[in-house]
Amino acid sequence: MSDLPEHVRRNREHWDELARNFVAAGERGWRNNTPNWGIFGVPESDVRMIPDDIAGKDAIELGCGTAYVSSWLARRGAHMVAIDNSEQQLATARRLQQEHGLDFPLIHGNAEQVNYPDGSFDFAISEYGACLWADPSLWVPEAARLLRSGGRLVFLTNSVLMTLCAPEEDDRAATDRLLRPQFGLYRVEWPTDDSVEFHLPHGGWIRLLRNSGFEVEDLIELYPPANAKTEYKFVTPEWARKWPCEEVWKVRKRG
Ligand SMILES: C[S@@+](CC[C@H](N)C(=O)[O-])C[C@H]1O[C@@H](n2cnc3c(N)ncnc32)[C@H](O)[C@@H]1O
């Protein structure tokens with residue numbers, strides 16, 4: 001633990017503490033084998049996070065939490081590996097694997113440094129996982145290393161606009177006010193807890209992804225479905241129907 005980078009150690013403590021609050025969502029995700037994404041449950045048909053040809057492919061989830069995303073991919077025939085920085089999150093994932101009769105490696109570790117050889121995977125995915133909590137200058141090149149030429153990386157995280165408008169208080173929702181500058185946006189800490197997040201403007205993502213060997217294929221700004229609700233307080237469906245609160249990047253490793 002002491003030799004972990006400071007942000008990884010802090011995020012490990014944060015997620016070990018928070019894990020109990022994510023058990024129910026994990027159970028729902030494992031039960032419901034119809035993929036939907038982000039805090040409003042945007043249907044897979046709108047986003048197409050999972051490639052049509054995933055069956056038989058080697059895939060890794062970076063920051064899997066309770067690993068419901070991995071369960072969806074495994075059921076579609078992917079050979080899954082899932083890594084997470086929190087043993088407590090993985091404890092839920094391990095129990096749910098047993099309950100649902102699915103078995104794939106669940107690795108306790110940091111997605112910035114994964115103990116697999118170069119070119120081990122065809123597909124990498126992260127939904128609010130390493131793509132939000134790990135340092136992009138480390139996890140993006142690591143994802144490129146792990147993928148084979150032509151392999152795809154797909155990740156979902158908060159939109160830039162959301163990050164600029166999100167109030168510091170836990171119980172307040174974003175308004176139409178920009179609350180922080182975009183220039184210099186990278187490592188973000190909130191006063192309400194001890195975690196460390198990473199948010200990049202679009203130019204920063206494009207430059208980092210391209211410099212790491214990826215071609216950007218798509219950037220999808222998510223639109224909440226009809227009757228969308230969320231238990232999260234930082235945004236309302238009304239806000240998220242005017243401005244994107246989440247975005248999905250789809251990139252492919254040059255080869
Ligand atoms: C919000 S959960 C994401 C999982 C799931 N998709 C979800 O939305 O509940 C965030 C996860 O990222 C993990 N995480 C944070 N930093 C990480 C890192 N450096 N490497 C691997 N996992 C990390 C946390 O431990 C946590 O389980």
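Colleague: At what angle do α2 and α5 pack, and how far apart are their axes?
Modeller: About 30°, with the axes of α2 and α5 11 Å apart (axes are lines fitted to C-alpha atoms over the stretch in contact, angles run from 0 to 180 degrees between N-to-C directions). This is a predicted model, where local features need pLDDT of at least 70, side-chain atom pairs count only at pLDDT 80 or more, and totals for chains, interfaces and linings use all residues. Residues are numbered from 1 along each chain as its sequence is written, and side-chain values use heavy atoms, leaving out hydrogens and water.

Colleague: So are α2 and α5 roughly parallel or oblique?
Modeller: Roughly parallel (under 35 degrees; over 145 is roughly antiparallel, 65 to 115 roughly perpendicular, the rest oblique).

Colleague: Which residues meet there, α2 to α5?
Modeller: V23, G26, E27, W30 and R31 in α2 meet T92, A93, R95, L96, Q97 and H100 in α5 (contact is heavy atoms within 4.5 Å).

Colleague: Which α2 residues are buried?
Modeller: In α2, residues 23–31, they're G26, G29 and W30 (buried is under 20% relative accessible area, 1.4 Å probe, protein chains only). Down the α2 axis they fall within an arc of 95°, so they line one face of the helix. The buried residues pack against α4 (68–75) as well as α5 (87–100).

Colleague: Switching topic, how do α7 and α9 pack?
Modeller: α7 (residues 136–146) and α9 (residues 202–211) sit at about 40°, axes 9 Å apart. That makes α7 and α9 oblique to each other.

Colleague: And which residues of α7 meet α9?
Modeller: P136, S137, W139 and V140 do, against W205, L208 and L209 in α9.

Conventions
Buried < 20%, exposed > 50% of the residue type's maximum accessible area, 1.4 Å probe, protein only. Helix = DSSP H or I, 4+ residues; strand = E, 2+ residues; numbered from the N terminus. Arc of directions from axis to C-beta.
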